[in-house]
Amino acid sequence: MNRPPRLDTLLHPRLPSPLREAHDERFARHGVRLFLKRDDLIHPDLPGNKWRKLALNLAAAAGRPVLTFGGAYSNHLRATAAAGRLLGFPTIGVVRGDELARRPLNPSLARCADDGMRLHFMDRTTYRAKASPEVLDGLLSRYGDAVVIPEGGSNALAAQGCTALGRELAGEADVAAVACGTGGTLAGLAAGLAPGQRALGIPVLRGGFLGEAVQRLQREAFGGPAGNWSLDERFAFGGYARSTPELEAFAADFEDRHGLPVERVYVAKLLFALTALTEEGAFRPGTRVAAVVTGAPEAQTSHKAPD
């Protein structure tokens, strides 16, 4: 599916995103070539998979208010709020954790508010039922007619938007790898790849639910399974936004080797996984592996949050 021309005209995304080889002896000694698909450079406020997942959803919303969900440090909430600022439509962010309403806004939520997003803090029990008709009806009765986009932006339109990522990698890689939160990017990436290519997802959350989520998204977006994909669930490092000294050391070393600021929640786990898999012999000699860089560290983004 093509990108909406109006959004392209107004936001000027950099597409296709650059694909650059990263020369790294940890891969080279196994005959593997590592490439970095720099989706973090698509747009300063809607980088990477956020642009790809939101573009068709925002086109369908056609300027109506958008209501969506996320945690206290949600990249998706920040991208939605930025899109509202840039395109001039209202946004409502439903934030997990009503205790946050009694605290000063963290930099991520302050940035959302600065971009005009109305923040609605929800207790965690109700938040777990956020997709239920009762909870949605209550939100819409309070905020009026709004287009609802799910947490992480992953729905059928998001998966369709992410097929462009696969098409951009046609003939450029044998394996396209991406870190996964809600599965929308992987669902679309796999569908967009050419025969003979495969997609690899590295979940950043524990729980083992992503396989079913990707299957459901592909059914909704494409009518059934699409493309060759798999998950390796060994690299969550304790769960979402969690880390270890080993992961921190790896990310800092990768930055030194390649001059790439490594985002810690998603990208660090992806690059660590690919390095470990290469050392395990998971990729045959001659394999070209493309790692999708879906975002930059917060300090690298252009629209700074208040101190």
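Helices H9 and H10 are oblique to each other, a class that takes the angles left over when those under 35 degrees are called roughly parallel, those over 145 roughly antiparallel and those from 65 to 115 roughly perpendicular. The axes of H9 (residues 184-192) and H10 (residues 210-222) cross at roughly 55 degrees and come within 9 Å. Axes are lines fitted to C-alpha atoms, for helices over the stretch in contact, and the angles run from 0 to 180 degrees between N-to-C directions. Helices (H or I, at least four residues) and strands (E, at least two) are DSSP runs, numbered from the N terminus. The crossing of H9 past H10 is right-handed; a crossing is right-handed if the near helix is turned clockwise from the far one by less than a right angle, and left-handed if anticlockwise. H9 contributes Gly184, Leu186, Ala187, Gly188, Ala190 and Ala191 to the contact, and H10 contributes Val214, Leu217, Gln218 and Phe222. Contact means heavy atoms within 4.5 Å. By class, the contact of H9 with H10 has seven nonpolar, three polar and no charged residues, where Ala, Val, Leu, Ile, Met, Phe, Trp, Tyr, Cys and Pro count as nonpolar, Asp, Glu, Lys and Arg as charged, and the others, Gly among them, as polar.

The model is predicted, with local features requiring pLDDT of at least 70 and side-chain atom pairs pLDDT 80 or more, whereas totals for chains, interfaces and linings use all residues. Residues are numbered from 1 along each chain as its sequence is written, and side-chain values use heavy atoms, with hydrogens and water left out.

On the H3 side the contact is made by Arg52, Lys53, Leu56, Asn57 and Ala60. The H8 residues in the contact are Leu157, Ala158, Gln160, Gly161, Cys162, Ala164, Leu165 and Glu168. The classes represented here are seven nonpolar, three polar and three charged residues.

Across the whole structure, 22 salt bridges are found, each being a side-chain nitrogen of Lys or Arg within 4 Å of a carboxyl oxygen of Asp or Glu. Arg257 pairs in this way with Glu25, the closest N and O atoms being 2.7 Å apart. Arg257 lies in helix H11 (residues 245-258) and Glu25 in helix H2 (residues 25-28), so this pair ties together parts that are 232 residues apart in sequence. Both residues belong to a network of salt bridges that links Asp24, Glu25, Arg26, Asp253 and Arg257. Arg257 is partly exposed, at 36% relative accessible area, and Glu25 is partly exposed at 45%; buried means under 20%, exposed over 50% and partly exposed in between (1.4 Å probe, protein chains only).

Asp45 forms a salt bridge with Arg85, with 3.2 Å between the closest N and O atoms. Asp45 lies in the loop between strand S2 (33-37) and helix H3 (49-61), and Arg85 in helix H4 (residues 75-87), so the pair ties together parts 40 residues apart in sequence. Asp45 is buried, with a relative accessible area of 9%, whereas Arg85 is partly exposed at 32%. A further salt bridge joins the side chains of Asp232 and Arg234 (2.9 Å, N to O), and Asp232 is buried at 13% relative accessibility.

Thr294 is placed in the segment after strand S10 (288-292) and is buried, with 9% relative accessibility. Not counting residues up to four places away in sequence, Thr294 touches Pro47, Gly48, Asn49, Val178, Tyr266 and Val267.
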